[in-house]
Amino acid sequence: MLSNRSIRKIFVGLFAACSLSVSAQEGKNVIDEVIWIVGDEAILKSDVENARMEFLQQGQRFEDDPYCVIPEQLAVQKLFLHQAAIDSVEVADADVFQEVDMRLNDAILNYGSREKLEEYVGKSLPQIREQMFNTYKDKKMVEQVQRNLVSNIKVTPAQVRRYFKDLPEDSIPLIPTKVECQIITREPVIPIEEIERVKDELRGYTERINNGSAQFSTLALLYSEDKESAQNGGEMGFAGRGSYVPEFANVAFNLTDPNAVSKIVETEYGFHIIQLIEKRGDMINCRHILRKPRVSTEALQQCVNDLDSISAEIGKGLYTFDECVSAVSYDKDTRNNYGLLYDRESGLSKFEMKDLPSEVARTIAGMNVGDISKPFIMVNRKGKEVVAMVKLKSRVNSHRATMAEDYQALQDVVVNKLCEEKLEKWIREKQQTTYIHINEGWQNCEFQYPGWIK
């Protein structure tokens, strides 16, 4: 359920939620009207209705009147956008396009195809992209204004301690169980014959595309083993060179002819052929077909046997787990860190169970700290079948946060509260200096910020 107060926390996303729905309603015989004016910006009745429908489609429900909650949150956004104009806030178009294309790819997956999305919205994909660009640019500008307003908020350990000193226990954050794991992986040997079979498949696709008997997008949809992009005809969306592994980027960014098909490219994910769609500055949009060599049961079993032997040697005290990682593990991301799994974005090594690879989480669920698992088959982040063996390095069970063990989590609570309070104060002050008009039929609301009606 969405209350007036809870929806406040997600109002920045309201633009995004509306972006496709608004387009879908355009062109229909709907009588629209201006219901709010904030500064020199209008809020339309259709804006509110489309946002309401979008939330309902997402399974959300409102505790308070949506015809009060939604226009108020749209008005709050107008205040932040007005401040963005005053402060000359700028956001990079490349960052906006990256988010737009990610969202568009998700939408195409949800609707089943590009054509179905275009039919629902009533616009071509380039038109949808243009409208979403404006939407997400506004969203990022709002976020930047908010960051600027709270950038100087800092707290000391004494402030954190005072804040939690008198709180009842059930108000103190609950820290979920977290674990640290070390891993050794072995990749099965792929015979040359299997590699050549995959390359022959890709050569066949290239020939069909070049002689006009098939479209690249059709073959990607039917055969590519990158399931996410396959749903979009192999299209990957706009991205910079750093978004791709080097082998892929070196070929993709050198393509110039949208009708050409690249040579076969081998990466850690498998084998690809690539077709350029569009270049935009230092970003490209391309499509690809990924095929992966098949792994035989015998090859997987050989890896299991290898790790069984290594486990036996560790058990005899001939080697430590750490020594074996650097000597035999195939996982280049963890091999030089004694096999320690870590989050690639945060760099942290402590995971909640739900954030671990599912096979790893199931394996360590019943293990004690220091235990080493039996070998098991898993799919790594590259989508390849490998055989792994894990050691549970540490576990901190679920508990109420304490200053000694969880200071960062407690500090985040206090900082977030202070940021929230500062933004609320800013909104109330901004109301007093901004022209605001609300149509009479939309004034009978218990607003979160009463200063709308003067």
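Start by selecting E63, D64, D65 and E446: together they form a patch of negative charge on the surface. Keep in mind as you click around that this is a predicted model.

You'll find D65 in the loop that runs between helix 3 (45–57) and helix 4 (66–86). Colour by accessibility and D65 comes out as partly exposed, because its relative accessible area is 40%, and partly exposed covers the range between the under 20% of buried and the over 50% of exposed.

Next stop, strand 2. Pick residues 41–44 to show this strand, with L44 among them. L44 has a relative accessible area of 30%, so it also counts as partly exposed.

Then head for strand 4, residues 178–186. Is strand 4 enclosed or open? Largely enclosed by the rest of the structure, since eight of its nine residues are buried.

Bring in the partners of strand 4 one at a time:

- Strand 9 (residues 351–352) runs antiparallel to strand 4, and two bridges join them. Select V179 and look across to F351, which stands opposite in strand 9.
- Strand 11 (residues 385–396) is antiparallel to strand 4 too, with nine bridges joining the pair.

Note on methods. Residues are numbered from 1 along each chain as its sequence is written. This is a predicted model: local features need pLDDT of at least 70, side-chain atom pairs count only at pLDDT 80 or more; totals for chains, interfaces and linings use all residues. Side-chain values use heavy atoms; hydrogens and water are left out. Patches are made of residues with over 30% relative accessible area and no salt bridge: like charges are joined within 9 Å, nonpolar side chains (Val, Leu, Ile, Met, Phe, Trp, Tyr) within 5 Å. Accessible areas come from the Shrake-Rupley method with a 1.4 Å probe; for residues, only the protein chains shown count as cover. A salt bridge is a side-chain nitrogen of Lys or Arg within 4 Å of a carboxyl oxygen of Asp or Glu. Lys and Arg count as positive and Asp and Glu as negative; His and the chain ends are not counted. The place of a charge is taken as NZ of Lys, CZ of Arg, CG of Asp or CD of Glu. Helices (H or I, at least four residues) and strands (E, at least two) are DSSP runs, numbered from the N terminus. Buried means under 20% relative accessible area, exposed over 50%, partly exposed in between (1.4 Å probe, protein chains only). Two strands pair if DSSP finds at least two bridges between them.
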